[in-house]
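Try each task before you read its solution.

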Amino acid sequence: MSEAFDSVAMARAIELARRGLETTDPNPRVGCVIARGEKVLAEGWHEWPGEPHAEAMALRALNGKAKGATAYVTLEPCSHVGRTPPCANALIEAGVNRVVFAVQDPNPQVNGGGAQLLRNAGITVESGLMAAEAEELNLGFLKRMRTGLPYVRLKLAMSLDGRTALANGASQWITSEAARDDVQRWRAQSSAVMTAIGTVLADDPRLNVRSSATRRRDPLRVILDSELRTPADSKLFSVPGEIVIFTASNDGERVMPLIDVGARIEVVGRTAHDEGVDLASVLTRLGELDMNEVLVECGATLAGALLQGGHVDELLVYMAPMLLGPQARPLISLPEITSLDAAPRFALIDSTAIGGDVRFRLRRREP
């Protein structure tokens, strides 16, 4: 089998995995192609937790005719019993003689175990093909399995001069409708959407996914509210979906009205300077709740705190072609930086024109 075909087959498996972008959570997005020689026999992808994994879906289409074939999978086949049987065992029983996977599964229940099961059965196993592309599909799942923490994506919208609203707070709308629709797609693929009480009080957002005609899952909505100031008649509670409020308050009189309208209250510690809830504790808890990707939509204060704390994995920045002037509100609240060497720096990984705006994706450079 040629290396060129291996790459074509894995690229197709990655394309299939993307079909589960909005639905597999908290499971990883996985695609599979089964081929004999250079002829594709079957394809599969994981769509929904509890439903067949990608390998099982492809094998089912072959109906027992996979003997001697090669399976291309974007993630190491699982070796443990969860809501579905182990995929490594299914591949062995089907009689495939070669398995090529892109990324090793860091899940402690797998973590090389699937590959070892296959090798023990005499199957040729190869890994690492198109690993970078496959990792991009599962940044949140892989980070959570490796560290216990979700992947944090901070969404920001700004003018050309880095402002988010006029001095009087007017900000609707800086970015175009096309850019706002794009944000809905990022919400749809996120495990959770998080904001702070300041945004709730100022904008009264719903934080749900509005373009949800084909979706079967809504992200968890997370509010950081140290003093439990969230109004029980907020628009948050006007649409279905789970809401968690992280607070440092034990005020029963404030807790009960929020529980009555459907919120779950989680009490965490405060920051060292009593400026709000402890962000590290919040993110640790979200990892425990199986949140893979957290999209943060917030104001300058929380954005600055997340960046200062080193909690942000990626910036999602929408820039509108307008100028708001020096009196307008800043993008991020940071302490004074007195040296360029101390300035946080980011690597641009993507820039895309959306409507009349530009979307930048950036990741922080390591010192």
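Two strands pair if DSSP finds at least two bridges between them. Helices (H or I, at least four residues) and strands (E, at least two) are DSSP runs, numbered from the N terminus. This is a predicted model, where local features need pLDDT of at least 70. Residues are numbered from 1 along each chain as its sequence is written.

**Exercise 1.** Write down the strand order of the open sheet of nine strands, then work out which strands stand at the edges.

Solution. Start with the order, which reads E11-E10-E9-E8-E12-E6-E13-E16-E15, with mixed pairing. Next, look for strands with a single partner: E11 (263-267) and E15 (346-354) stand at the edges, so one side of each has no neighbour in the sheet. From one strand to the next, the twist averages 25° (axes are lines fitted to C-alpha atoms, and angles run from 0 to 180 degrees between N-to-C directions).

**Exercise 2.** Find how E13 and E16 run, and how many bridges join them.

Solution. E13 (residues 314-319) and E16 (residues 357-364) run antiparallel, and five bridges join them.

**Exercise 3.** Compare the directions of E4 and E5.

Solution. E4 (residues 98-103) and E5 (residues 124-127) run parallel, joined by four bridges. Among the partners, Val99 bridges to Val125 in E5.

Terms used: This is a predicted model: local features need pLDDT of at least 70, side-chain atom pairs count only at pLDDT 80 or more; totals for chains, interfaces and linings use all residues. Side-chain values use heavy atoms; hydrogens and water are left out.
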